[in-house]
Amino acid sequence: MSSSTAASGRQSITETAPLSLCAREPRVPADRLVAEMVPPPRFDSVRFDTYVPDPQQPSQTEAVSVLSAFAAGLGGAHPAGGGRGGRRWFARKPAAPTGPRGVYLDGGYGVGKTHLLASLWHATPAAPEQKAFGTFVELTNLVGALGFQETVRTLSGHRLLCIDEFELDDPGDTVLVSTLLGKLVDAGVALAATSNTLPGKLGEGRFAAADFLREIQGLSARFRPLRIDGEDYRHRGLPAAPAPYSDEQVTRAAYATEGASLDDFPGLLEHLSRVHPSRYGALTDGVRAVCLTDVSPVPDQSTALRLVVLADRLYDREVPVLASGLPFDRLFSEEMLNGGYRKKYFRAISRLTALARDAKGLVAQ
């Protein structure tokens with residue numbers, strides 16, 4: 001049913017009830033959690049040859065060359081032998097690989113680090129089930145869902161693990177992931193990572209390799225820092241969020257859009273507290289648009305961090321978000337935006353704003 005049909009009268013919105021995210025309680029098996037660790041849909045088609053280096057930035061051309069060679073070098077038998085979770089991982093510890101077993105893409109926002117990281121995943125000569133790609137948050141959520149030892153066992157047979165947006169704003173998570181990566185390197189898994197800015201360095205627009213290598217401590221010798229220079233286009237500030245719609249407009253659009261969900265925002269935030277963040281992707285399965293009424297300030301930091309994860313999953317899946325209430329740039333308090341997790345909150349605002357713009361066509365004019 002089209003949005004123009006929805007504009008013709010109230011009768012049209014009673015024909016098909018929208019979905020409700022709050023009515024969903026997904027149960028995701030462990031093998032699906034790992035199988036879904038692939039580049040998000042918006043990076044399905046990226047490759048090294050679709051990356052267009054800036055001729056004024058030779059480091060971008062060099063990055064393509066270095067990463068292409070790195071991918072080619074990952075062919076052949078897995079150093080630990082066998083596939084994922086095979087017996088040979090338990091039978092003997094492989095010899096520690098010599099030389100850098102990982103690459104760290106060091107650069108500002110907007111220079112194409114995620115494009116290059118996804119291209120590395122696609123170019124690595126291994127079956128998809130032998131490669132994993134996820135954000136730092138998704139990796140910590142995987143450990144939370146499976147447990148540390150099971151995560152090590154599950155990932156140790158992989159050829160490559162790509163970690164986008166490595167975050168150091170939680171010391172506990174940093175230690176957890178660093179320990180995990182050490183186990184995986186010992187098992188012969190190659191690593192690649194990008195990262196975001198440290199708290200207090202938001203305005204600099206880049207993370208800096210020295211900070212990353214210092215925090216991962218004993219793993220630093222395993223990474224080759226790869227500097228990627230370029231214009232920091234996100235340094236220009238957040239785009240203004242579009243004005244929200246009325247409750248009636250959002251409701252009509254939800255009924256008029258096939259595969260749309262409709263929930264009130266406070267109820268959705270409460271529901272997220274009962275669903276493990278590793279399942280937020282499954283929560284949106286089959287959803288073609290998210291419609292929210294009564295968007296209001298997020299009440300506390302725990303709730304805010306859950307919303308950040310949902311925003312990431314919606315953005316990865318390119319699901320438009322239509323909302324009433326406050327605009328998305330007023331979701332988080334000044335205290336939150338000035339605190340240690342502010343990078344996450346700015347990212348959520350930016351992504352929800354982009355998805356709100358994508359939702360404009362859902363509303364009958």
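Biologist: Is Cys162 buried or exposed?

Modeller: Buried means under 20% relative accessible area, exposed over 50% and partly exposed in between, with a 1.4 Å probe and protein chains only. Cys162 counts as buried because its relative accessibility is 0%, and Cys291 counts as buried because its value is 0% too. This is a predicted model, where local features need pLDDT of at least 70, side-chain atom pairs count only at pLDDT 80 or more, and totals for chains, interfaces and linings use all residues. Residues are numbered from 1 along each chain as its sequence is written, and side-chain values use heavy atoms, leaving out hydrogens and water.

Biologist: How many disulfides does the structure hold?

Modeller: A disulfide is a pair of cysteine sulfur atoms within 2.5 Å, and the structure holds zero.

Biologist: How do I read two packed helices?

Modeller: They are described by the angle between their axes and the distance between the axes. Here, the axes of helix 11 and helix 13 come within 10 Å and cross at roughly 95 degrees, so helix 11 is roughly perpendicular to helix 13 (65 to 115 degrees). Helices are DSSP runs of H or I with at least four residues, numbered from the N terminus; axes are lines fitted to C-alpha atoms over the stretch in contact, with angles from 0 to 180 degrees between N-to-C directions.

Biologist: Which residues in helix 11 and helix 13 meet?

Modeller: Contact means heavy atoms within 4.5 Å. From helix 11, Phe265, Leu268, Leu269 and Leu272 meet Thr303, Arg306, Leu307 and Leu310 of helix 13.

Key
Helices (H or I, at least four residues) and strands (E, at least two) are DSSP runs, numbered from the N terminus. Angles under 35 degrees count as roughly parallel, over 145 as roughly antiparallel, 65 to 115 as roughly perpendicular and the rest as oblique.
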